[in-house]
Amino acid sequence: MQSIYDFTLDELKEELKPSFRAKQVYNWIYKKYASSYDEMKNIPNDLKEQLKENYALDIMKIVKKEQSLDGSIKYLFQLHDGLTVEAVLLLMKKKKISEDGKIERSEKYTVCISSQVGCKVGCTFCLTAKGGFVRNLTVGEYIAQIVNIKRDNNIAENKSLNIVYMGMGEPLDNYKNFVKAVKVFSELDGLAISRRRQTVSTSGISSKIEKLGKEDLGIQLAISLHAVDDKLRNELIPMNKAYNIESIINAVRNFPVDARKKVMFEYLVIKDKNDDIKSADKLLKLLNGIKAKVNLIYFNPYPGTPYQRPESKDMVKFQEYLINKGLLCTIRESKGLDISAACGQLKEKESNGNS
């Protein structure tokens, strides 16, 4: 059965007659976060029955969540077929209240969502890769992650947030569903999450980066680079043998970038692997001429990994070298270190606990 979340508003207008009912349903599921059709007070009973028979609404449930001291919440969702995926609510800025009790600044959230159950890419540093690839998420399963998190945290319908397609799986390997999810998220009568607030993170399927560029969706692009030469990247990301660094950089150079934005290059820093100044210099030369921002990420260790977290001093040296050479570079604040925040950790923990 299709999910009601699978449809754009125009598509739902074609499904439901009279068509104005589609906007009413959209209001219930995306503004009021209805979890059942019975909650929809202004929908006639015969249409409710039609909806129940044809369009699933409750397509995933929260089976586990962990909250960090920094406000991050990691979710494990169970899908209709019993499989599980993860998502993370990241509290980027806390609410600021003045001495007289007025809100000076509201919370700022980013939600990291999954694209697949498992992953084909096989990154050696990623726990998700251990389980292999199972299946792609549907459009509705993309959408339901956000709806469930907003509902669970009582996040107001008009409260904007950012989405990063950076959870389990490779979004561009689920290309068709990913692109449609971007469109559904941005529906003004729905969740109304601007495409400029949506960032796709890819491990570098260069042919799909080129295809996405031609779609010109207006979303932001992030490249999980993690290495400055093919030898190391082949070790970290075996898919690099098919889509090497040169092909990725060429695809990025042709990607349409908003004049106010930059392409994000994610660089997972691993102790004694890619944390030296020589690597920083190679990265600088590699990105020459690209409107780029580098985001250095501490490797987040998990049991059984051969890789180690880098020293803070080495991260700072790497960052300062790039900044001094004119390349914008940030160090991603580590969130959720006290919980299973790295991709695949909560799923692994739950599986081990149930075995």
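**Figure 1. Lining of the largest cavity, whose residues comprise five nonpolar, two polar and two charged.** The view is taken from a predicted model. The lining is formed by Tyr5, Ala34, Ser35, Leu57, Asp58, Ile59, Met60, Asn148 and Arg151. Across the whole structure, the search returns one cavity of 30 Å³ or more.

**Figure 2. The largest nonpolar core, a set of 108 residues.** Ile4, Tyr5, Ile143, Phe178, Phe185, Leu212 and Phe265 are the members that touch the most other members of this core. One of them, Tyr5, is also among the residues lining the largest cavity. In soluble globular proteins, nonpolar side chains tend to be buried together. Of the 355 residues in the protein, 52% are buried.

**Figure 3. Surroundings of Phe178 within the core.** Apart from its neighbours within four places in sequence, Phe178 contacts Tyr142, Tyr165, Pro171, Leu172, Val200, Leu212 and Ile219. Leu212, one of these partners, is likewise listed with Phe178 among the core residues that touch the most other members.

**Figure 4. The fold as a whole, with eleven helices and 16 strands.** The radius of gyration is 21 Å, close to the 20 Å that the globule rule gives for 355 residues, so the protein is as compact as a globular protein of that length. The C-alpha trace spans about 70 × 50 × 50 Å along its principal axes. Where contacts link residues at least 6 apart in sequence, 65% of them join residues at least 24 apart.

Terms used
Residues are numbered from 1 along each chain as its sequence is written. This is a predicted model: local features need pLDDT of at least 70, side-chain atom pairs count only at pLDDT 80 or more; totals for chains, interfaces and linings use all residues. Side-chain values use heavy atoms; hydrogens and water are left out. A nonpolar core is a set of buried Ala, Val, Leu, Ile, Met, Phe, Trp, Tyr and Cys residues joined through side-chain atoms within 4.5 Å. Buried means under 20% relative accessible area, exposed over 50%, partly exposed in between (1.4 Å probe, protein chains only). Contact means heavy atoms within 4.5 Å. On a 1 Å grid over the protein atoms alone, a cavity is a set of points where a 1.4 Å probe fits but cannot get out, and a pocket is an open set with protein on both sides within 12 Å along at least five of seven lines; lining residues have an atom within 4 Å of a point. Grid points are joined across faces, edges and corners, and a volume is the space filled by probe spheres set on the points. Ala, Val, Leu, Ile, Met, Phe, Trp, Tyr, Cys and Pro count as nonpolar, Asp, Glu, Lys and Arg as charged, and the others, Gly among them, as polar. Helices (H or I, at least four residues) and strands (E, at least two) are DSSP runs, numbered from the N terminus. The radius of gyration is taken over C-alpha atoms; the globule rule is 2.2 Å times the number of residues to the power 0.38.
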